[in-house]
Amino acid sequence: MRQAVQVLVDEPAIDREFTYLLPPEMASGRVPVAVGTIVRVVLNRRRLRGWVTALDAPIPADLELAPISSVVGLGPPPHVVELASWAAWRWAGTRAHFLRTASPDRVVKGLPTSGLATLPSAMSDDPADTPEWITDAFDAGVLPTVVRLGPCADEWPLIVEALRHGRSLVLVPTVAWAARLVGRLRQAGVSTALAPRDWAGAASAHAVVGTRAGAWAPSGPLDVVVVLDEHDEAYQGEAAPTWNARDVAVERARRNGARCLLVGPMPSPDALSSASSVATAPRPDEREAWPRVQIADRRQDDPATGEWCGEALAELLRSDDTVVCVLNRLGRARLAYCASCGELARSRMSGRALRLDNQQFTDPDSGEVRPAVCEFCGATKFRRARVGVKGVAEEMERLARRPVTQIVGGVAPDATGASRGPGAADGGAGASSRRQQPRPQTRQPALYIGTEAVLHRVPSADSVVFVDFDQELTAPRYRAGEEAFALLVRAARLVGPRTGGGSILVQTRLPAHPVLVAAAQADPSDWLRAEIEHRSAMRQPPAAAWALVSGAAAPGYIDSLSAGLHAGSLDIAGPADGTWRIRSDDSDTLLNALATAERPSGRLRVAVDPLRA
C-alpha cells in the first residue's frame, strides 16, 4: 500500500506543504519517518531539505506524486513542530525559520537508548535547606511566576528546587553562563544536556540548559521551565521574525502544563503582564545582592574638575581600585545641557532628550519645537554632549596619571595585561559563590573605558562608572528605562555584592529619575509600577501590540491590511523613514490581521513587538 507524507521545504519564502510518496524502504529504514523527520525532496528541479509535517496524507487520483529523495535524519519532535506553527503566527514569520532553529546542526540518526535519568538522591532529599519563599514560588500553578532575585544572588537553590519537581528546561542569556551551570549540574550528578550542542541528549536528560535557541530543545514533556534574567535582550533578535525565547518558553510550559518561573533582578513589564504572581527574596537578602550605587549629580560639580569626569569619578581615578567606565558613544551625541545651571534639555511631552538644531530644540518623535531657552534658569547658552570614548579617556589619563585601556569590542586585555577572549568574561550570575567573597587585592589595578561591551570583556572590577547615563535614560525608545536598568544589573555582576566592597557610580543630570532611585534602593518596585502605568497611557507594549512594517513591498502589504477584516481595530501610522507602525490594543487582533493580509512579492520586513522601537 502506497503511503504519502506532507513536507514543508526549507525555503522561508515558500511557507506551504507539498505531498510526496514515502518509499517502503524508507518507511522501515534506520531513521523512522515521523512528524519532524528531516528529508530531502525535489521541487521545481531543485533538491531541497524539508520537514515531514503530516503522515498518511491523501494521495490525489489525478496526480503522479514524486517520491522523497532521502531521509536525512531526526528533526524536531511533533510538539516542537506544532510550537513552530504557533511562533510563525505570533511573530508574523514562516515555520521554516523556527524549524531551522529547532533542528540539530549535524545529522542525528538516533537518540540515546537510556531512559529519562532520575535526580540523584542527594538532591532529591528533604528540601528543608531551600528558602521557604523559593518553595512557595513553585506552588502558583501553571501560569508564569515572576521571581525577583538580586543580581549577585546565587540561583542554585532555585535550580535545585526546579529539578526536584521533575524534568526541567533552564534558559540563560549567555553561552558562558550556560556552560558554567551545566558543569555545576553534572558535577552534582544530574543528567544534563547543553542545548543546542547536545541536541540528541536533550531528549532524555533530566535538565536541559541553553541560551536563546535552547527554547526549541527536543526534550520530552517538561515539568518546569525556568528563564533566568528573563529581561535580557539577548533572548530576542532584532532580525525579523523578532521572536523572544522567553515567550516561546512560556508557551511551551503552558502546552506541557508545566510550572514556569521568570527570574531576574528587574522583572520586565512583559513578564509581569503574563504572570500570575510575583515571588520576591526577603528584603535584606535582595538588598545585599546589590552593590552600593552612588548617584553623582553633575549639576553640582565644580567645572574645574573636568568636563566629563566629575568630582566623585576623579577621586576614584586617583585611587588604587580597578575602575571600569562605560560610555555608549563613539562619535557625537545630540544631548544638550544648560551652560549655566547644567539642566538637561528635555521634551515637555515625552520627557526625552531634545536635539539642539539652529538655536531651537526639536523632538523628532512628538514633533515638539521650541526656542533654546533653559526652563529652569532662563539661560540661552547650551553645550552639546559630543565627546566619545577616546575624548573621555584622554581626560581620565590627565586626572589619574596612569594609563587607560579603551575597549569598544573584540578582545580585551585583563588586569595583568594578558589577552582574554570574549568568552572569558563573566556574562551572567552563575559564579555567585565566587562573587560573594571579598575580592583579593593582589591583582594590578587598572582603568578601563569603553562602550557597554567593556562589561563583558573585563573579568571583575572594584567600581563601575557610567560616565553619561542620561543618554541611556532619555534614549528615543519606549524600552529606554528597562535597557538602562539592565546595564546597571550587568555592572552589579561585575563588581559583586556590597559585602565585597564593590560599587557603581552613575554620573547624571537626572538624579531623581525612577531608574536611578530604584537601583540606589535595590528595589525596582516603584519604578516598575510607574513604567507599566506610563506604557499603558502611551499604548506601548505590553499594554498594546506593535508591529513595524518596512521594505519595498510594504506599501502593498499596508494596503492589504487597510482593506482587511481587522482594519477597524488597527492604528496604522506612517510611513516614517520608510516604516509603518501598526498598533492594536488586542494582540490577537493584530496577529490575525498580519497573518491574513496578502503578502505581495518583494522584500518585506514585519517586526512584531520589536526590540528597538
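Which residues in H2 meet which residues in H8? In this predicted model, His79, Val80, Glu82, Leu83, Trp86 and Arg90 are the residues of H2 that take part, and their counterparts in H8 are Asp247, Val248, Glu251, Arg252 and Arg255.

Helix H2 covers residues 78-90 and helix H8 covers residues 245-256, and their axes come within 11 Å and cross at roughly 130°. Angles of 65 to 115 degrees count as roughly perpendicular and those over 145 as roughly antiparallel, and H2 and H8 are therefore oblique to each other. The handedness of the crossing of H2 and H8 is right-handed.

These two helices belong to a protein chain that contains 20 helices and 29 strands. Of the 613 residues of the protein chain, 55% count as buried. When contacts in the protein chain are considered between residues at least 6 apart in sequence, 74% of them join residues that are at least 24 apart.

One of the strands is S11, which spans residues 259-264 and includes Arg259. Arg259 has a relative accessible area of 29%, which lies between the 20% under which a residue is buried and the 50% over which a residue is exposed, and Arg259 is therefore partly exposed. Although Arg259 and Val226 are 33 residues apart along the chain, their C-alpha atoms are separated by 8.4 Å.

A further part of the model is an open sheet of 3 strands, arranged in the order S16-S17-S18 with antiparallel pairing. Strand S16 (355-357) and strand S18 (369-371) stand at the edges of this sheet, and because each has a single partner strand, one side of each is left without a neighbour in the sheet. From one strand to the next, the twist averages 30°. In general, the strands of a sheet pair through backbone hydrogen bonds, and the pairing may be either parallel or antiparallel. Strand S17, made up of residues 360-362, is joined to S18 by 3 bridges, and these two strands run antiparallel. Within this region, Thr362 stands opposite Val369, a residue of S18.

Definitions and conventions. Residues numbered from 1 in each chain as written. Predicted model: local features only at pLDDT ≥ 70, side-chain atom pairs only at ≥ 80, totals over all residues. Heavy atoms only, no water. Helix = DSSP H or I, 4+ residues; strand = E, 2+ residues; numbered from the N terminus. Buried < 20%, exposed > 50% of the residue type's maximum accessible area, 1.4 Å probe, protein only. Axes fitted to C-alpha atoms, helices over the stretch in contact; angles between N-to-C directions. Parallel < 35°, antiparallel > 145°, perpendicular 65-115°, else oblique. Left-handed = near helix turned anticlockwise from the far one by under 90°. Contact = heavy atoms within 4.5 Å. Pairing = 2+ DSSP bridges.
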